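Take a moment to look over the sequence and turn the structure around. Then read on, and keep both in view as we go.

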Amino acid sequence: MFGDGSSSCESRMFGDGSPASEIRTSEDGSCTCEIRLVSADSSGVGKIAQMTADSALDLPPLHESLTWLTPLSEDRAGRLVRFLAEPQPADVLDMGCGWGELLLRVLAAAPQARGRGVDSAAGPIARATHQAAARGLAERATFVAMTGMEAEAEPAEAVICIGASHIWGLPVEDAQPLDYVAALRALRQLVRPGGQMVYGEAIWSRAPHPAAMAPLAGREDEYLTAGALEEQVQAAGFEVIDHDQASLQEWDVFEAGFRARYTRWLELNGGDHPAAAEVRRRHEQQRAAYQDGYRGVLGMSYFCLRG
């Protein structure tokens, strides 16, 4: 969910696509969407159905319809960039950077800084590297495809982690509660003393109901509330400078952009294509999961923190 357009084509968040789905990218840069659907079996236990055929459909890449792989407005992004850039950090680390949009904007606003983006998916990393060159930032921006755990030995003065807490938890497909504590503990070690961090993660904006939980992991304890997450952030040793939630408008724009690749595919391939019915079904499935399910229930908290 969510990443920062950046964040995490790897994320259990909208990064993955949204916490409702996970976008992973294959070595050739094509997207695979694993929508975490929960259905009841004969024992009443939820089970995860993974849809992994999007790459075979050759769907348009998400960066064509989304600037950020998270519900994030340009206004909010500008505030986050200023928070990280104004102290003039020497280095910036983005964990779960996806295609690196937020990191590149921070580097553009902080000409003295060098940046490093880490993501486990090769496709978004290739896109981020290309964008760095196109913006004249190639000498100061490095993007590497590796697991988050491998990058933990290199802290920075400014750190970004949006929708990528799953790096330090169990696999998304295990449908377990998001391990905020492990993520925040690890991130605290990545922020140099006195440094800044932007942390964004999924929350329950209000009490989840069955229709909201069904497209996700199907459990009430999957996410914390905003207040409970702030307590965890402080317990990890961070000073909270600012804390806000994504608006419904930001969510609507994000979800519309996520579904737009299905519409675009139909425009390019035509309604009589053998796969058209499946593409329309997936579009409707994603629309219904959001509009009839987690809209207004699943939230996204953004924290500006000092280490």
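Here is a short walk from the whole protein down to single pairs of residues.

First, some ground rules: this is a predicted model, in which local features need pLDDT of at least 70, side-chain atom pairs count only at pLDDT 80 or more, and totals for chains, interfaces and linings use all residues. Residues are numbered from 1 along each chain as its sequence is written, and side-chain values use heavy atoms, with hydrogens and water left out.

Let's begin with the overall picture. The protein has nine helices and twelve strands; these are DSSP runs numbered from the N terminus, with helices being H or I runs of at least four residues and strands being E runs of at least two. Of the 307 residues, 54% are buried. Buried means under 20% relative accessible area, exposed means over 50%, and partly exposed lies in between, using a 1.4 Å probe and protein chains only. Now think about contacts, meaning heavy atoms within 4.5 Å. Among contacts with a separation of 6 or more, 71% are between residues 24 or more positions apart.

Helix α5 covers residues 180-190 and helix α7 covers residues 226-235; their axes come within 9 Å and cross at roughly 35°. The axes are lines fitted to C-alpha atoms, for helices over the stretch in contact, and angles run from 0 to 180 degrees between N-to-C directions. This crossing is right-handed, which means that the near helix is turned clockwise from the far one by less than a right angle. Which residues of α5 and α7 meet? From α5 come Y180, V181 and L184, and from α7 come L229, Q232 and V233. By class, this contact has five nonpolar residues, one polar and no charged ones. Here Ala, Val, Leu, Ile, Met, Phe, Trp, Tyr, Cys and Pro count as nonpolar, Asp, Glu, Lys and Arg as charged, and the others, Gly among them, as polar.

Charged residues have their own story. Side chains of opposite charge can pair when their charged atoms come close. A salt bridge is a side-chain nitrogen of Lys or Arg within 4 Å of a carboxyl oxygen of Asp or Glu, and the whole structure has 16 of them. One of these joins R306 and E239, at 3.6 Å from N to O. This pair links distant parts of the chain, with R306 in strand β12 (residues 298-306) and E239 in strand β11 (residues 239-245), 67 residues apart. R306 is partly exposed, at 30% relative accessible area, and E239 is partly exposed too, at 43%.

Compare that with R264 and E267, whose closest N and O atoms are 3.5 Å apart in their salt bridge. Both lie in helix α8 (residues 248-269), three residues apart, or about one turn of the helix. R264 is partly exposed at 38%, while E267 is exposed at 57%. Elsewhere, salt bridges that share partners join E74, E101, R105 and R135 into one network.

Finally, are D119 and E201 buried or exposed? D119, in strand β7 (residues 114-119), is buried at 1% relative accessibility, and its side chain reaches the backbone nitrogen of A121 at 2.9 Å. E201, in strand β10 (residues 191-204), is also buried at 1%. The side chain of E201 makes a polar contact with the side chain of S165 at 2.7 Å. A polar contact is a pair of N or O atoms within 3.5 Å; within protein, one must be able to donate a hydrogen and the other to accept it, and residues adjacent in sequence count only if both atoms are side-chain atoms.
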